[in-house]
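Open the model in your viewer and keep the sequence panel beside it. Each stop below gives you something to select and tells you what is there.

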Amino acid sequence: MDNRKYLPAIVITVIAVIILFAISSSVFYTIQANERAVLFKKFSGGLDKDNVITQGFHVKAPWNELIVFDVAETQVEETMDVLDKNGLSIKVDVSVRFYPKFDRVGYIYESFRKSYVSTLVTPEVRSTVRQVMGRYTAEEIYSTKRPEVEAAIRTETAEVLGSESNNIEMRALLIRSINLPDKIKQAIESKLQQEQEALAYQFRLDKEKSEAERKRIAAEGESAANKIINNSLTPSLLKMRGIEATLKLAESPNTKVVVIGQGKDGLPLILGGSN
């Protein structure tokens, strides 16, 4: 059998297979769970930023460029020198966690390419930290208003990164440390200690004053009660109470009562004893 007549078909098949393997990476692709992608269509409109490609197996035209974004949460740590309200230099360590908004990766790429961390996130974090801390003194930042400062930095950074023009979702921002010059730090700590001692002393004074006031009020109440009682004890009342007591004793089955004449103030003189 003459196999030469099949040779052209075999050659064409081999060439087709080679071409298919050569272009397969340009046609078939897979997007992982932590990825999103967009296409740059060279011949039909350029960057298709509104159609975000999600995870899974996909096919595209070989001449279209695939742009893949890692959308997993990222952490950046920054150490920076900032100035407080009075121009004092403070060193601050900040950590921020974030990720690009999944459905906006095309817009992020259009504005910042894939280097959005260094061109967008880091500068905005540094800028916001400097702006917020510049509104407070070193003492407030270090001690008295630290929670307020941290909350302001978190809120304002999240608003800037999450704006429609930036499209970054901030998950957390933490101020790891605030370092002041040693002399300033010692002065602030000494002042805080003195304030705490003054507060403790004032608390003791207030407590003693409250106790003295309580005793005064109790004494005045007792004195007023005694006056009322003394004013109410008239001779007639005492005589009536004495008669009532005598009658009760007389009614008792265990008591013998002998009444002889009248005692002082007209009250009966009672002699007797229990059986």
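Select R113 in the loop between α2 and α3. Helices here are DSSP runs of H or I with at least four residues, strands are runs of E with at least two, and both are numbered from the N terminus. R113 has a positive phi of about 60 degrees, although it is not a glycine. Most residues other than glycine have a negative phi. R113 is partly exposed, because its relative accessible area is 45%. Buried means under 20% relative accessible area, exposed means over 50%, and partly exposed lies in between, with a 1.4 Å probe and protein chains only.

A note on the ground rules. This is a predicted model, in which local features need pLDDT of at least 70 and side-chain atom pairs count only at pLDDT 80 or more, while totals for chains, interfaces and linings use all residues. Residues are numbered from 1 along each chain as its sequence is written, and side-chain values use heavy atoms, with hydrogens and water left out.

Now jump to N167, in the loop between α5 (146-161) and β8 (168-179). N167 also is not a glycine, and its phi is positive at about 65 degrees. Is N167 buried or exposed? N167 is buried, because its relative accessible area is 3%.

Go back to the loop of R113 and step into the helices on either side of it. Take α3 (residues 116-133) and check its length. Its 18 residues, at 1.5 Å a residue, should span 26 Å, and the end C-alpha atoms are 25 Å apart, so the two agree. The expected span is 1.5 Å times one less than the number of residues. Show the side chains of Y116, L120, V121, T122, V125, T128, V129, V132 and M133: these residues of α3 are buried. An α-helix has 3.6 residues a turn, so residues three or four places apart point the same way.

Next, select α2 (residues 105-112). Which strands does this helix lie across? Helix α2 lies across β2, β3 and β5, and it runs at about 145 degrees to β3. Axes are lines fitted to C-alpha atoms, for helices over the stretch in contact, and angles run from 0 to 180 degrees between N-to-C directions.

Zoom in on V105 in α2. V105 is buried, because its relative accessible area is 1%. Leave out residues up to four places away in sequence, and V105 touches R36, V38, V52, F69, V71 and P100. Contact means heavy atoms within 4.5 Å. V71 is 34 residues from V105 in sequence, yet their C-alpha atoms are 8.6 Å apart.

Colour the sheet under discussion. Three strands make an open sheet in the order β3-β2-β5, with antiparallel pairing. Its edge strands are β3 (46-53) and β5 (65-70), and each pairs on one side only. From one strand to the next, the twist averages 25 degrees. Strands pair if DSSP finds at least two bridges between them. Six bridges join β2 (residues 35-41) to β5. For one of the partners, pick R36 and look across to F69 in β5.

Move to another sheet. It is open, with three antiparallel strands in the order β6-β7-β8. The edge strands are β6 (74-83) and β8, and each pairs on one side only. How many bridges join β6 to β7? There are 10, and the two strands run antiparallel. Select V76 to find its bridge partner V96 in β7.

Stay in β7 (residues 89-100) and select S95. S95 counts as buried, because its relative accessibility is 9%. Its side chain makes a polar contact with the side chain of R176 at 2.6 Å. A polar contact is a pair of N or O atoms within 3.5 Å; within protein, one must be able to donate a hydrogen and the other to accept it, and residues adjacent in sequence count only if both atoms are side-chain atoms. Beyond its neighbours within four places in sequence, S95 is in contact with Q75, V76, E77, A172, L173, L174 and R176.

E150 counts as buried, because its relative accessibility is 16%.

Last, zoom out. The protein has seven helices and 10 strands. Buried residues make up 26% of its 275 residues.
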